[in-house]
Amino acid sequence: MSKVTEMKHPLISHKLAYIRSKDTGSKYFRELVEEVSMLMAYEETRDLETEEVEVETPICTTKCQMLAGKKMAIVPILRAGLGMVDGILNLIPAAKVGHIGLYRDEETLQPVEYFCKLPQDIAERDVIVVDPMLATGGSAADAITLLKQRGAKKIRLSTLISSPEGIKLVEEQHPDVDIYVAAIDEKLNEKGYIVPGLGDAGDRLFGTK
């Protein structure tokens, strides 16, 4: 079963309060999303493998731990997921970035892929899927399915705010995917928005309506 980690950290809670506020403009909103994404990445990468290496300090030679060369990929779900990419890249600059764009057919209700560009070696990489909001969970679950079809094996989902319904759906469809979230909110309203949430993350990131 998926491991769900809710980040109960004072810095994340503080910044998330400003992210939620309707008075926070796009510039500050983008900066805060990037900062919280970077703070979350610290926890999301806790289980990365390391190896012992020899390092020469100004004093002597010593043995240290460095990442064992495991390759990583960050895959935002378009378009709001783009706001979380740079924060993670600040910590893992060698990670490659893929992009997934999906919409749901109004008649069939099936996901339709309109854009997908992934690293060629995606099957060999640890993948972090990012999207600020996990509302119904449909887009995230569909994106993860698409990644698995392309060969990805080790996948984590990183989101700022989630509804219980969104977590439940991803857990049911992808029990092997761990979920990291800054806050789990109360519920979805009748329009599918998270309550209390933060509104439309894409519009607030890019100043659109």
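Student: Which way does α1 pass α2, left-handed or right-handed?
Tutor: α1 passes α2 in a left-handed crossing. Keep in mind that this is a predicted model.

Student: OK, and how do those two run, roughly parallel or roughly antiparallel?
Tutor: Their axes cross at roughly 155 degrees and come within 10 Å. Angles over 145 count as roughly antiparallel, so α1 and α2 are roughly antiparallel to each other.

Student: Which residues meet there?
Tutor: On the α1 side you have Leu11, Ile12, Lys15, Tyr18 and Ile19. They meet Tyr28, Phe29, Leu32, Val33, Glu35, Val36, Leu39 and Met40 of α2.

Student: Switching to rings. How many aromatic pairs are there in the whole structure?
Tutor: A search of the whole structure turns up 1 aromatic pair. The rings belong to Tyr18 and Tyr28, with centres 5.9 Å apart and planes at 55 degrees, so the pair counts as tilted.

Student: Where do Tyr18 and Tyr28 sit?
Tutor: Tyr18 is in helix α1 (residues 10-20), and Tyr28 is in helix α2 (residues 26-44). They are 10 residues apart, and the pair links distant parts of the chain. Both tyrosines also turn up among the residues where α1 and α2 meet.

Student: What about α4 and α5, how do their axes cross?
Tutor: Helix α4 covers residues 138-149 and helix α5 covers residues 164-173; their axes cross at roughly 25 degrees and come within 9 Å. That makes α4 roughly parallel to α5.

Student: And is that crossing left-handed or right-handed?
Tutor: Right-handed, as α4 passes α5. Gly138, Ala140, Ala141 and Ile144 of α4 make the contact with Leu169, Val170 and Gln173 of α5. By class, those residues divide into 5 nonpolar and 2 polar, and no charged ones.

Student: Now Gln65. Which strand is Gln65 in?
Tutor: Gln65 is in strand β3, which spans residues 61-67.

Student: What does Gln65 touch, not counting residues up to four places away in sequence?
Tutor: With those left out, Gln65 touches Thr50, Glu51 and Glu52.

Student: How far apart are Gln65 and Thr50?
Tutor: In sequence they are 15 residues apart, while in space the C-alpha to C-alpha distance is 5.9 Å. Their side chains also make a polar contact with each other, at 2.9 Å.

Technical notes. Residues are numbered from 1 along each chain as its sequence is written. This is a predicted model: local features need pLDDT of at least 70, side-chain atom pairs count only at pLDDT 80 or more; totals for chains, interfaces and linings use all residues. Side-chain values use heavy atoms; hydrogens and water are left out. Axes are lines fitted to C-alpha atoms, for helices over the stretch in contact, and angles run from 0 to 180 degrees between N-to-C directions. Helices (H or I, at least four residues) and strands (E, at least two) are DSSP runs, numbered from the N terminus. Angles under 35 degrees count as roughly parallel, over 145 as roughly antiparallel, 65 to 115 as roughly perpendicular and the rest as oblique. A crossing is left-handed if the near helix is turned anticlockwise from the far one by less than a right angle, and right-handed if clockwise. Contact means heavy atoms within 4.5 Å. Ala, Val, Leu, Ile, Met, Phe, Trp, Tyr, Cys and Pro count as nonpolar, Asp, Glu, Lys and Arg as charged, and the others, Gly among them, as polar. A polar contact is a pair of N or O atoms within 3.5 Å; within protein, one must be able to donate a hydrogen and the other to accept it, and residues adjacent in sequence count only if both atoms are side-chain atoms. Rings of Phe, Tyr and Trp (its six-membered ring) pair if their centres lie within 6.5 Å; planes under 30 degrees apart count as stacked, over 60 as edge-to-face and the rest as tilted.
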